[in-house]
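Work through the following exercises with the sequence and the model side by side. Each begins with a task and continues with a solution in steps.

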Amino acid sequence: SDPSFGPATAKYGVSNRNIADLLADRFPDAMVWVIAPSGYYEGVFSRYVHFLPEMTARGDPVRYQADGNATGQLAALLRTGTSQLRAVEDDRTRLQGLPITLMGFSKGGVVLNQLLSELSPSRSLDLQDPFPLMRRVQAIHWLDVGLNHPGAYLTDDDTLSAVARLRQPGGTGPPTLLFHGTPRQWKDSFRPHIRAELEQCVKL
């Protein structure tokens, strides 16, 4: 989820394709999917309209919701993308069951948080079951996530407990959660909430 950049960073040669090529080189046996934001506020701030049920004008989450549709959106994107592959039907079926590693860079971390929030036991039973997709997730990476607004990391005990109970096919699990950061985010004196949320998330 979003190793992508808005128009403001295009002048530095950063693009979705560059990121996809980098990840493909790093993980040669994997299929790489780069999911871009729906748009940008002032050409800078990513907005994930299709993943976040409620956000500010700049794309920061107002709150994460158990009854969101991020898992449904991700499943639809993977299903559509897989159907367009030049492969026989047997290969498509096999690909739809492959394990998944999720990565969220910077603002892309909010998509990861919403995906996990939909595992909450408070989710309505009338909504699409998120578990078939999320049980395929082996690892989740937050890459230098940071927001000017609270919500960079999950701090809800019920949600994180649900993640800990998640089991992958064959009984293995839960997914491994990995946090990667730089002083730009984790030691920003103007945004102490980032470090505080990270520490609370890891503790829970």
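**Exercise 1.** Determine which residues of helix α1 are buried and where they lie around the axis.

*Solution.* In helix α1, which spans residues 16-26, the buried residues are I19, A20 and L23; helices (H or I, at least four residues) and strands (E, at least two) are DSSP runs, numbered from the N terminus, and buried means under 20% relative accessible area, exposed over 50%, and partly exposed in between, with a 1.4 Å probe and protein chains only. These residues lie on the same side of α1, because they cover an arc of only 100° around the axis, the arc being that of the directions from the helix axis to the C-beta atoms. An α-helix has 3.6 residues a turn, so residues three or four places apart point the same way. The exposed residues R17, L22 and D25 are carried by the face of α1 turned away from the buried side. The buried residues, for their part, pack against β3.

The model is a predicted one, in which local features need pLDDT of at least 70 and side-chain atom pairs count only at pLDDT 80 or more, while totals for chains, interfaces and linings use all residues. Residues are numbered from 1 along each chain as its sequence is written, and side-chain values use heavy atoms, with hydrogens and water left out.

**Exercise 2.** Is T159 buried or exposed, and which residues is it in contact with, leaving aside its neighbours within four places in sequence?

*Solution.* Begin with the location of T159, which lies in helix α6 (residues 157-165). T159 has a relative accessible area of 4% and is therefore buried. Leaving aside neighbours within four places in sequence, T159 is in contact (heavy atoms within 4.5 Å) with L116, S117, S120 and L154.
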